[in-house]
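Let's take a friendly walk through the aromatic rings of a protein. Have the sequence and the 3D view ready as you read.

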Amino acid sequence: VTKGNEVVGIDPGISTVAFASQKEVALVDLVPKNITQKEKLLKRLDQAIERSRRVNNSECYNENGTIKKGTRFKRPSKRQMHLLNRRRKTYRSLSEERIKLQGQLVNRLTSQASSIKIEELNVKGLQKRSRDIRINPRTNRPFSKKRFGKAIFRAAPSAFKNTLETRARQLGIDFEIISPKNVKPSQYNHITQTFEKKPLSTRIYDLSDEYKNVQRDLYSAFLIGHIENDRYQQKQLEQDFPNFYDQMKDFLQQPIETKRLAWYLK
């Protein structure tokens, strides 16, 4: 793969990647297509492994099913070893699919880019539990402290970013990580030059009477590609936007690759 001569702006999500350049605008799903089947298989294997362990180590458990303190389990049985190997193979096949999917996307991006600008994504922060306890007024019970561990496992966004950065350095492509704190690309409107906070559920909205139905992630990727020293290149934004808008409309009219992307694109 050889590098291109475009500036590529990238807005990474937990399980998606939106990117925009002069040649292409797209939103890509990082989750393997057969993930649901593999997850069901892993759940069944986990249950079977636990059942096998409990049968062979019944003296290690209390009557309520909890493990007794200070107990030591016996060596795994042949059946348990067989199940453990099956689980290991399933995890490995999932990992290989993710690596293949991410490698294809990395090649697609670097083949266009002479410069890559990507928004910083704090994956570790998303894995932490919220400290605030919010009460649901309808049920009078606490809301779930939403974490993204499962989604992060499915898509491995940090692995994608590291692979992309490594490939970019190898090919001599400028790689810049943009902090969203000052520029807030998900809130910026380059036409009015103002910031407007929108709920996470709003994926498509109107920028103005002339430019309607703008997809949030794709527009953020376009804006990220036009940031220099924590400032928007306003003249370049206004010049490049009509081309981006046409490309975005063409992309939104194409068949949706996966069911998961429907939430982002409709």
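A residue is called buried when its relative accessible area is under 20%, exposed when that area is over 50%, and partly exposed in between (1.4 Å probe, protein chains only). Keep in mind that this is a predicted model, where local features need pLDDT of at least 70, side-chain atom pairs count only at pLDDT 80 or more, and totals for chains, interfaces and linings use all residues. Residues are numbered from 1 along each chain as its sequence is written, and side-chain values use heavy atoms, with hydrogens and water left out.

A pair of aromatic rings is described by the distance of the centres and the angle of the planes. Rings of Phe, Tyr and Trp (its six-membered ring) pair if their centres lie within 6.5 Å; planes under 30 degrees apart count as stacked, over 60 as edge-to-face and the rest as tilted. Searching the whole structure turns up 13 aromatic pairs. Take Tyr188 and Phe195: their ring centres are 5.1 Å apart and their planes meet at 50 degrees, so this pair is tilted. Tyr188 is buried, at 5% relative accessible area, while Phe195 is partly exposed at 43%.

Now find Trp263 and Tyr264, whose ring centres are 5.1 Å apart with planes at 85 degrees, so the pair is edge-to-face. Here Trp263 is partly exposed at 45%, and Tyr264 is buried at 14%.

Rings can also meet charges. A charge sits over a ring if NZ of Lys or CZ of Arg is within 6 Å of the ring centre and within 35 degrees of the ring normal. Arg53 lies over the face of Phe73, 4.6 Å from the ring centre.
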